[in-house]
Amino acid sequence: QVQLVESGGGLVQAGGSLRLSCAASGRSFSYYDMGWFRQAPGKDREFVALSYWSGLSPYYEDSVKGRFTISRDNAKSTVYLQMNSLKPEDTAVYYCAAGREPWLTVVPGRLRDFGSWGQGTQVTVSS
């Protein structure tokens, strides 16, 4: 498994931008699918974006398509989430997650495919 630490959350006005980072420790980061999820108060954790280890095109939840971009730097063992045109409904705790094993291609929204989670970082978008 990998250990994950998110950073970059904060308070931003609607229409603004934030970039989240998730630093991983452990071996073989480049062979893990890496995802971002979020959880708003009183709601279930929901999928946001996925970066495939294999180089397949990233996958996004519909509501963030065209606004959010996931990327990764394997040399730094870090995955990023660039969030533009933020909306109040994007307010949530954001979590990064790694596939439960290397070389596994996950199903994007299937939580059980992810074996490691960060502690989360709060994103608040004011109207």
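Modeller: Let us begin with Arg38, which is buried, with a relative accessible area of 6%. Please keep in mind that this is a predicted model.

Biologist: Which residue forms a salt bridge with Arg38?

Modeller: The general idea is that side chains of opposite charge can pair when their charged atoms come close. Here the partner of Arg38 is Glu46, and the closest N and O atoms are 2.6 Å apart. Glu46 counts as partly exposed, because its relative accessibility of 34% falls between the limits of 20% for buried and 50% for exposed.

Biologist: Which other residues are linked with Arg38 and Glu46 in a network of salt bridges?

Modeller: The network also takes in Arg67 and Asp90. The side chains of Arg67 and Asp90 meet in a salt bridge of 2.8 Å, N to O. Arg67 lies in the loop between β6 (59-60) and β7, whereas Asp90 lies in the loop between β8 and β9, so the pair ties together parts that are 23 residues apart in sequence. Arg67 counts as buried at 10% relative accessibility, and Asp90 counts as buried at 1%.

Biologist: How many salt bridges does a search of the whole structure find?

Modeller: The search finds six. One of them joins Arg100 to Asp113, with 3.1 Å between the closest N and O atoms. Both residues lie in the loop between β9 and β10 (114-117), so this pair ties together parts that are 13 residues apart in sequence. Arg100 counts as partly exposed at 40% relative accessibility, while Asp113 counts as buried at 3%.

Biologist: Let us turn to the strands. With which strands does β4 pair?

Modeller: Strand β4 (residues 34-39) is joined by five bridges to β5 (residues 46-51), and the two run antiparallel. Within that pairing, Met34 has Ser51 as its bridge partner. The two strands form a hairpin with six residues between them, and Gly42 in the turn has a positive phi of about 75 degrees. Strand β4 also pairs with β9 (residues 92-99) in the antiparallel sense, over six bridges; there Phe37 has Tyr95 as its bridge partner.

Biologist: Is β4 mostly covered or mostly exposed?

Modeller: In a regular strand the side chains alternate between the two faces of the sheet. Strand β4 is mostly covered, with five of its six residues buried.

Biologist: In what order do the strands of the open sheet follow one another?

Modeller: The order is β1-β3-β8-β7, four strands with antiparallel pairing. The edge strands, β1 (3-7) and β7 (68-73), each pair on one side only. Neighbouring strands of this sheet are turned by 15 degrees against each other on average, direction ignored. Six bridges join β3 (residues 18-25) to β8 (residues 78-83), and Leu20 stands opposite Leu81 in β8.

Biologist: Which residues touch the most other members of the largest nonpolar core?

Modeller: In soluble globular proteins, nonpolar side chains tend to be buried together. In this core of 27 residues, the members that touch the most others are Trp36, Leu81, Met83 and Tyr94. The elements giving two or more residues to the core are β3, β4, β5, β7, β8, β9 and β11 (121-126). Leaving aside neighbours within four places in sequence, Leu81 is in contact with residues including Leu18, Leu20, Trp36, Val48, Phe68, Ile70 and Tyr94. A second, separate core has eight residues, among them Leu50, Ala97, Val106 and Phe114.

Technical notes:
Residues are numbered from 1 along each chain as its sequence is written. This is a predicted model: local features need pLDDT of at least 70, side-chain atom pairs count only at pLDDT 80 or more; totals for chains, interfaces and linings use all residues. Side-chain values use heavy atoms; hydrogens and water are left out. Two strands pair if DSSP finds at least two bridges between them. Axes are lines fitted to C-alpha atoms, for helices over the stretch in contact, and angles run from 0 to 180 degrees between N-to-C directions. Buried means under 20% relative accessible area, exposed over 50%, partly exposed in between (1.4 Å probe, protein chains only). A nonpolar core is a set of buried Ala, Val, Leu, Ile, Met, Phe, Trp, Tyr and Cys residues joined through side-chain atoms within 4.5 Å. Contact means heavy atoms within 4.5 Å. A salt bridge is a side-chain nitrogen of Lys or Arg within 4 Å of a carboxyl oxygen of Asp or Glu.
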